[in-house]
Amino acid sequence: YKSLVYAVLAIGFLAFIVILLIQNLAQRLEELVAVGMTFRDASAVVIHLVGMVSPYAVPVGFLFGVLAAVGRLSADSEVTAMRSCGLGLGAIFGPVIAIAVALALLTALLMIRVEPAARKDLRAMLANVASRGAIFTPGRFRTVGGRVLYIQSRDVDDESLLKRIFIADRSNPKRPFLIFAQSARFRFDPDQLLIHLEMENGDIHLESLDLSGHQRIAFEGFDYTLDASALIDATRQLKPSEMDLAQLAAVMDRPPNPVLGRLPSQYRAHFHRRLAIPFAPFVFAALGVPLGLRRSRAARSWGVLVCIVLVAGYYTLLGFGQFMGETGRMPAAIALWLPILV
């Protein structure tokens, strides 16, 4: 019986984590393309995303395993046979609760340590990709915040040296201009999150709004900067979602941060979310066993349907509680524990 729960748990976990990975990759696809990801970088992103979605996939896989395993026992009249041998519901609940305890501890570890570290490392990796100049791909046009950039080639011995650069800057509609340069040295400032293109031997063409003419400025050296924060979102300050439990506890009662525009309620919401989600396996165990005991020949189909309904309801309530807690409309201690209570 325990082996059956483990087997179906693994199948449910893998299925759900694939769904979450596809969803997260789809949301981040534009961001990944913008920083010029290689196949190796994309593989690292997938690894980080697994760390981010695993705390949510583990309880779901457990619920699927309980519903399918108990439903199969009920459909095959195994539960009736167990009762005729003097075994009560404790024989079914016992292994499920034992597994729930182990998975609750695993989920707590993932929520408190792995998930925030994965989020922080992902942001740092994107910054590292940007620092290598990977957003500039020779022979391809790149759009970055109202700017169109193009480089013809990159030096073989020095990848920071770019050749034949074209930039159409329309970030300020009232003052559009074009830049042509023979070469440029790429430099990334991680403190200010600025990309510097130290250009040599080129022209700046200032366009007039009425198209009556333009002004040409020749230069031997010109330092052109791009704001990289819009691409990689990698400010030096940690976001609440990237903090572990101890870091959240240290800052959640401080006054609001006027620079970052974050409220203490945001930190409290993430603090209680990390505490509440590890209790999901106990909730799913308490719901999964009695629902799985519903005798039906279509036990597996029934288990999948119930699993989808319960998971959708639980995580919808969790998202609602996160919103209410972060915005201060409801105390975080209530809002984030509400899905468990429901």
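Visitor: Is aspartate 169 buried or exposed?
Guide: This is a predicted model: local features need pLDDT of at least 70, side-chain atom pairs count only at pLDDT 80 or more, and totals for chains, interfaces and linings use all residues. Residues are numbered from 1 along each chain as its sequence is written, and side-chain values use heavy atoms, leaving out hydrogens and water. Buried means under 20% relative accessible area, exposed over 50%, and partly exposed in between, with a 1.4 Å probe and protein chains only. Aspartate 169 has a relative accessible area of 4%, so the class is buried.

Visitor: Which side chain meets that of aspartate 169 in a salt bridge?
Guide: A salt bridge puts a side-chain nitrogen of Lys or Arg within 4 Å of a carboxyl oxygen of Asp or Glu. Here the N to O distance is 3.2 Å, and the partner of aspartate 169 is arginine 147.

Visitor: How many residues apart in sequence are the parts that arginine 147 and aspartate 169 tie together?
Guide: The two side chains meet in a salt bridge. Arginine 147 sits in strand 2 (residues 147-154) and aspartate 169 in strand 3, so the pair ties together parts whose separation in sequence is 22 residues.

Visitor: Does arginine 147 count as buried or exposed?
Guide: The cut-off for buried is under 20%. Arginine 147 has 17% relative accessibility, so it counts as buried.

Visitor: How many helices and strands does the protein have?
Guide: Both are DSSP runs numbered from the N terminus: helices are H or I with at least four residues, strands are E with at least two. The secondary structure comes to 11 helices and six strands.

Visitor: How many residues apart are arginine 273 and glutamate 115?
Guide: Their side chains form a salt bridge, 3.6 Å from N to O. Arginine 273 is in helix 7 (residues 264-276) and glutamate 115 in helix 4 (residues 90-131), a link between distant parts of the chain with a separation of 158 residues.

Visitor: What does glutamate 115 count as, buried or exposed?
Guide: Arginine 273 has 6% relative accessibility and therefore counts as buried. Glutamate 115 has 0%, so it also counts as buried.

Visitor: Which strands hold arginine 187 and glutamate 198?
Guide: These residues form a salt bridge, with the closest N and O atoms 3.0 Å apart. They are 11 residues apart and link distant parts of the chain: arginine 187 is in strand 4 (residues 177-189), and glutamate 198 is in strand 5.

Visitor: Why is glutamate 198 partly exposed?
Guide: Arginine 187 counts as partly exposed because its relative accessibility is 35%. Glutamate 198 is partly exposed because its relative accessible area is 31%.

Visitor: How many salt bridges does the structure hold?
Guide: Salt bridges that share partners join Glu115, Arg119, Arg273 and Arg274 into one network. For the structure, the count of salt bridges is seven.

Visitor: What is the phi of arginine 164?
Guide: Most residues other than glycine have a negative phi. Arginine 164 lies in strand 3 (residues 161-169). Its 45% relative accessibility means that arginine 164 counts as partly exposed. Arginine 164 is not a glycine, yet its phi is positive, at about 55 degrees.

Visitor: Which strand holds asparagine 201?
Guide: Asparagine 201 has a positive phi near 55 degrees, in a residue other than glycine. At 46% relative accessibility, asparagine 201 counts as partly exposed. Residues 194-207, which include asparagine 201, make up strand 5.

Visitor: Why is the ring pair of phenylalanine 166 and phenylalanine 180 tilted?
Guide: Rings of Phe, Tyr and Trp (its six-membered ring) pair if their centres lie within 6.5 Å; planes under 30 degrees apart count as stacked, over 60 as edge-to-face, and the rest as tilted. The whole structure has nine aromatic pairs. The rings of phenylalanine 166 and phenylalanine 180 have centres 5.1 Å apart, and the pair is tilted because their planes are at 40 degrees.

Visitor: How many residues apart in sequence are the parts tied together by phenylalanine 166 and phenylalanine 180?
Guide: Phenylalanine 166 lies in strand 3. Phenylalanine 180 lies in strand 4, so the pair ties together parts whose separation in sequence is 14 residues.

Visitor: What percentage of the 342 residues is buried?
Guide: The cut-off is again under 20% relative accessible area. Of the 342 residues in the protein, the buried share is 45%.
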